[in-house]
Amino acid sequence: MGLFRSSLYLLILCLLQGSNTSLIQLNNNGYEDIIIAINPLVPEDETLIEQIKDMVTSASTYLFEATEKRFFFKNVSILIPENWKENPQYKRPKHENYKHADVLVAPPTFPGRDQPYTRHFAACEEKGKYIHFTPDFVRGKKQNEYGPTGRVFVHEWAHLRWGVFDEYNEDEPFYSSKSKKIEATRCSTGISGMNKVYHCQQGNCIYKNCRIDPQTNLYTKDCQFFPNKVQKEKASIMFMQSIYSIVEFCNAKNHNREAPSLQNKKCNSRSTWEVISNSEDFKNSMPMVESPPPTAFSLMRTSHRVVCLVLDKSENMASFNRLNRMNQAAKHFLLQTIENGSWVGIVAFDSTAHIKSKLTHITGSNERIKLSESLPTEASGGISICSGVKTAFQVIREKFPQIDGSEIILLIAGEDNTVRNCMEEVIQSGAIIHLIAIGPSSEPAVIEMSSMTGGTHHYVSDQVQNNGFMSAFGSLTSGNIDLSQQTLQLESKGLTLTKDPWMNGTVIIDSTVGKDTFFFVTWDKQPPRISLWDPNGRQMGEFTEDKDSKMAYLTIPGFAKVGIWTYSLQAKVNPETLTVTVTSQVVNSVPPIIVNAKMNKDTNSFPAPVIVYAEIQQGYLPVLGVNVTAFIESKSGETEVLDLLDNGAGADSFKNDGVYSRYFTTYKENGRYSLKVQAQGGANIVTRSSQRPRNGALSIPGWTVDGKIEGKPSRSEINEDTQTTLESFSRTVSGGEFVVSNIPKFPLSDVYPPSQITDLDAKPDGDQITLTWTAPGDNFDVGKVQRYVLRISESILALRDNFDTALPVTITDLLPKEANSKETFVFTPGKILEENVTRIFIAIKSVDKSNLTSKISNIVQVPLFIPQADPSLEENRHNTRVNISILVLSVTGSVVVVSIILSTTIYILKKKKNESRPATSSIHDGVSDFKMDSIAEASGVLHITGFAPALKTG
Ligand SMILES: [Ca+2]
Ligand SMILES: [Ca+2]
């Protein structure tokens, strides 16, 4: 534990905040504008830059061949941290920054954990978030484990860019094949090798034959597949790009559909090449005739932040108290959020622009206060966004001739169709435009401007109690500095009080934050009475009141006491609207718990659903068991509340990866919606999982050479999932905005089917098979489905492509539960099976009250008989007792009463690596056991009497 703790202190600070949108473009077969960012915690080392270049250069050639001369890496920007020394070669970044990094080169989460991986938490075919390489990996020090770095880069690139998944599966390393053999999960099956157990006793290590586990009818967990070092097989890169002969992806011809790989589970049993061929990249390109040019690199070093506020003061700002609300949030930003060392200027505009403050270097509170006194005080006149932005360029150029990488926080409250006049100039300027749009009628073209320059955009409604301004400004922290200097938002809340004058609440300060904690209160009419108590019940002093701006604030100097702080506001008039915002800075040396929120898309057309994501991590480790609530506000201020779940069902792709997700479908009106996410963790309920990340290159277990195994197995990184309990915490973040169109005037009856079941699991148990899955709902993952349809087949393709004609299993006894509950169903396969059926495939669809049917679930496979082991393993089988259990004559279903409501259960697990398979000690039902050898020797294959001759359908 001591080691774990101390190493955690060394954890890298995750720089990615806010929604990450890659800036990569594909142009004439070449990928452009890839950003590889070196984390500031990586010690200065110029050779690392050369090694990154070598990696990408060799990856480009490998990628070109693997994609049939279709894609290569054309240009890459390497972001060098500010704490590395200057070099004339290093340019100032334009739109490139850490928030858009495609590849992070950052220290490992734990010393020695150098596994390369891709952060990907969406569905098949969707893009991943970033690739993580450690400095030692890039330096080539991990070649024995992962092979050449360029090849690994291509493996990770396929995850990141095309949303394909791994074709190995350490949780399910073996399966029962059609040819009655146990096979290693791999693609293609042409990859040859041996299955062995590496066994060490008192320092003596030997390779033993694999044994069969009678519970699973597969090899025991310690058995591993050791590929031949020399072989001819060319596919697949998503299995093991480290095998020298592997230069291709598995395609429709050589794809191994039977293997329980994540690729098969997530991509509907399609090959990686089929998925890649279906991508936009592929459809928009033709193979090249000539060889591609070598990759070009730009070196960029981040430096001080330059920000200019460009604030609308037109007559549009006069209504709904907008000007004052903007000033409150802008003051908060200037007093608290903007980092020391930054340069800040202020421009206000109506039909012309007015410089309110030239660029000021922020070194302490004097500059902050002075800037906050320069905000516009009167709202009148027309609106000219271009004059505002151009004047901001002028303000920046006075101090810095190059405006590359400068940020403009553009706040607008109305339409201005002349904005296109300066669109091109702004996009070419190298500045980043962050947009905060107020009210329903703000100029849509500016969103485009903001996206094109790599900025974020936020929408603020006129519902004061939703505190939209504060959330939007609060999210505009720097993406390029160490988290230790950043401000996190712990609370952002508002209330319109009518009868009851009180607004009471609590804020949790955890030990990873608490520096310079700032309590900020606003009102609409009269200053309320404000009281604040620390966790010991000691009342804090007076708040500083700014009556003109209708706000009051209090800084807790130094470090605020860890625990629950209580505030109480009493309104003096009725009605009154009050808001409370609490921010705090990170305490050095411990990575803070960080919440990022986003939607899967910025624009959406009805009736497609939007997926809301909240990612909660400490360092790069997922934080589990958090109560996560999304508030989605439409342009007229109606708010929809959703609980986000990390249960691996519905919209959530992976269980327990610290990404909490949910479908959003209850649109009320066309237009802009803003997202705010609140995360609350309870002490001893929230945990940090040390689980190894998914989606990454497989480490080489060792090679088979001339029938012997070479090299020590590298399973040194034990994937024991230690769960560290955490203290209580709270966070509130803005997730930006999205726009919905094409909502019909009159509501349609029912357009949403139940979501696809993606976590169907099957465990053989005696003569029965126990199925479990998470219940979908009437509309994706909300409500309750009407019924389930369960079908089985001997052929995976028959089940996938012709589900409706496959053999049904009666499941009508099962009354569906509320969405996100655990469903369990037990059935006995019985006499439907042919004598030589070695395994069956099972899938489920669900049907809602309007008879809308879900997509087919993931397909699970159950081995029914002991498959043939390798001939070399014959000696092992004599001691293997096998449970021959398929004796019952009919297909019957029974409902298992036990159920767990998942949505409210915090999943605390002490999980071993293999979760999906039953423990060998699980209950045995006493059905006849046979000696395997007596059967196998009698017939060569297993013949069990009592089965009908053919697989029946219907
Ligand atoms: Ca998840
Ligand atoms: Ca429905």
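Mentor: Ser236 is found in the loop that runs between strand E15 (223-227) and helix H6 (237-240). Helices (H or I, at least four residues) and strands (E, at least two) are DSSP runs, numbered from the N terminus. The peptide bond joining Ala235 and Ser236 is cis, with omega about 20°. The model is a predicted one, in which local features need pLDDT of at least 70 and side-chain atom pairs count only at pLDDT 80 or more, whereas totals for chains, interfaces and linings use all residues. Residues are numbered from 1 along each chain as its sequence is written, while chains are lettered from A and ligands numbered from 1 in the order in which they are written.

A cis peptide bond also joins Asn574 and Pro575, with omega about -5°. Pro575 belongs to the loop between strand E29 (563-570) and strand E30 (576-586). Asn574 also figures in a pairing across the sequence: its C-alpha atom and that of Asp500 are separated by 8.7 Å, although the two residues are 74 apart along the chain. Asp500 itself sits in the loop between strand E23 (487-497) and strand E24 (502-509). Burial is judged from C-beta atoms placed from the backbone: a residue is buried if 20 or more others lie within 10 Å of its own, exposed if 12 or fewer do, and partly exposed in between. Asp500 has 11 other C-beta atoms within 10 Å and is therefore exposed.

Asn268, in the loop between helix H7 (262-266) and helix H8 (272-277), has phi near 55°, a positive value in a residue other than glycine. Because 18 other C-beta atoms lie within 10 Å of it, Asn268 is partly exposed. Asn684, in the loop between strand E38 (671-681) and strand E39 (687-689), likewise has a positive phi, near 65°, and is not glycine. Asn684 has 13 C-beta neighbours inside 10 Å and so counts as partly exposed.

Residues are in contact if their C-beta atoms, placed from the backbone, lie within 7 Å. Leaving aside residues up to four places away in sequence, Thr134 touches Ala106, Pro107, Pro108 and Asp114. Its C-alpha atom is 5.4 Å from that of Val105, a residue 29 places away along the chain.

Together with Ile36, Leu63, Leu79 and Val154, Val105 has the most contacts inside the largest nonpolar core, which has 77 residues. Such a core is a set of buried Ala, Val, Leu, Ile, Met, Phe, Trp, Tyr and Cys residues joined through C-beta atoms within 7 Å. Helix H2 supplies the largest share of this core, nine residues. A second, separate core of 72 residues includes Ala560, Val586, Ala630 and Tyr752. Leu63 touches Phe71, Phe72, Phe73, Val154 and Trp157, residues up to four places away in sequence not being counted.

The packing of H2 can now be described. Helix H2 (residues 46-66) and helix H5 (residues 149-162) pack at an angle of about 60°, and their axes are 7 Å apart. Axes are lines fitted to C-alpha atoms, for helices over the stretch in contact, and angles run from 0 to 180 degrees between N-to-C directions. Angles under 35 degrees count as roughly parallel, over 145 as roughly antiparallel, 65 to 115 as roughly perpendicular and the rest as oblique; H2 and H5 are therefore oblique to each other. From H2, Met55, Val56, Ser58, Ala59, Tyr62, Leu63 and Ala66 meet Thr149, Gly150, Arg151, Phe153, Val154 and Trp157 of H5. These contact residues comprise nine nonpolar, three polar and one charged. In this division Ala, Val, Leu, Ile, Met, Phe, Trp, Tyr, Cys and Pro count as nonpolar, Asp, Glu, Lys and Arg as charged, and the others, Gly among them, as polar.

For the whole protein, 18 helices and 53 strands are present, and 51% of the 954 residues count as buried.

Methods. Two residues are in contact if their C-beta atoms, placed from the backbone, lie within 7 Å.
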